[in-house]
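Dear colleague,

Please find below the sequence and structure that I am handing over to you. A short account of the findings follows.

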Amino acid sequence: RTRASAHQSIRITYNPEVVEYEDLLAMFFAFHTPSGFGGTQYRSAIFAHTEEQREMAEAMLKGPQRKYEKYVAVEPADDFYAAEEYHQKYLHKAMRAGGPSW
């Protein structure tokens, strides 16, 4: 994988006995505003680990979240690599330094 093909993303590990995948999808759409801005590494995506997860995500995009269908990709999960240290806890570090630079 090259730097140009990498995606900025977060990995969520969850216990399905505590929270259901559908609830995670609902939180994704409640707290994230997908857009087509910024190129492929900044695009909105859901990386599904199973066929069932892919089907649930696509159903959300064809149903209650259809307004985001053209902005959110549903793709198979691939290897996950942690970002460089300077990207870790970015907002926390930025706030301690006087605020983010955006």
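Please bear in mind that the model is a predicted one.

The Phe-29 and Tyr-68 rings are stacked, with 6.0 Å from centre to centre and 10 degrees between the planes. This pair connects distant parts of the chain, 39 residues apart: Phe-29 belongs to helix α1 (residues 21-31), whereas Tyr-68 sits in the loop between α2 (51-62) and β2 (72-76).

In total, the structure contains 3 aromatic pairs. Another of them is formed by Phe-28 and Phe-29: the ring centres are 4.9 Å apart and the planes stand at 85 degrees, over the 60 degrees required, so this pair is edge-to-face. Phe-28 is partly exposed, because its relative accessibility of 22% is not under the 20% limit for buried residues and not over 50%. Taken together, Phe-28, Phe-29 and Tyr-68 make up one aromatic cluster.

A separate point concerns Ser-44, which is located in strand β1 (residues 44-48). With 4% relative accessibility, Ser-44 counts as buried. The side chain of Ser-44 is joined to that of His-32 by a polar contact of 2.7 Å.

With kind regards

How values were computed
Residues are numbered from 1 along each chain as its sequence is written. This is a predicted model: local features need pLDDT of at least 70, side-chain atom pairs count only at pLDDT 80 or more; totals for chains, interfaces and linings use all residues. Side-chain values use heavy atoms; hydrogens and water are left out. Rings of Phe, Tyr and Trp (its six-membered ring) pair if their centres lie within 6.5 Å; planes under 30 degrees apart count as stacked, over 60 as edge-to-face and the rest as tilted. Buried means under 20% relative accessible area, exposed over 50%, partly exposed in between (1.4 Å probe, protein chains only). Helices (H or I, at least four residues) and strands (E, at least two) are DSSP runs, numbered from the N terminus. A polar contact is a pair of N or O atoms within 3.5 Å; within protein, one must be able to donate a hydrogen and the other to accept it, and residues adjacent in sequence count only if both atoms are side-chain atoms.
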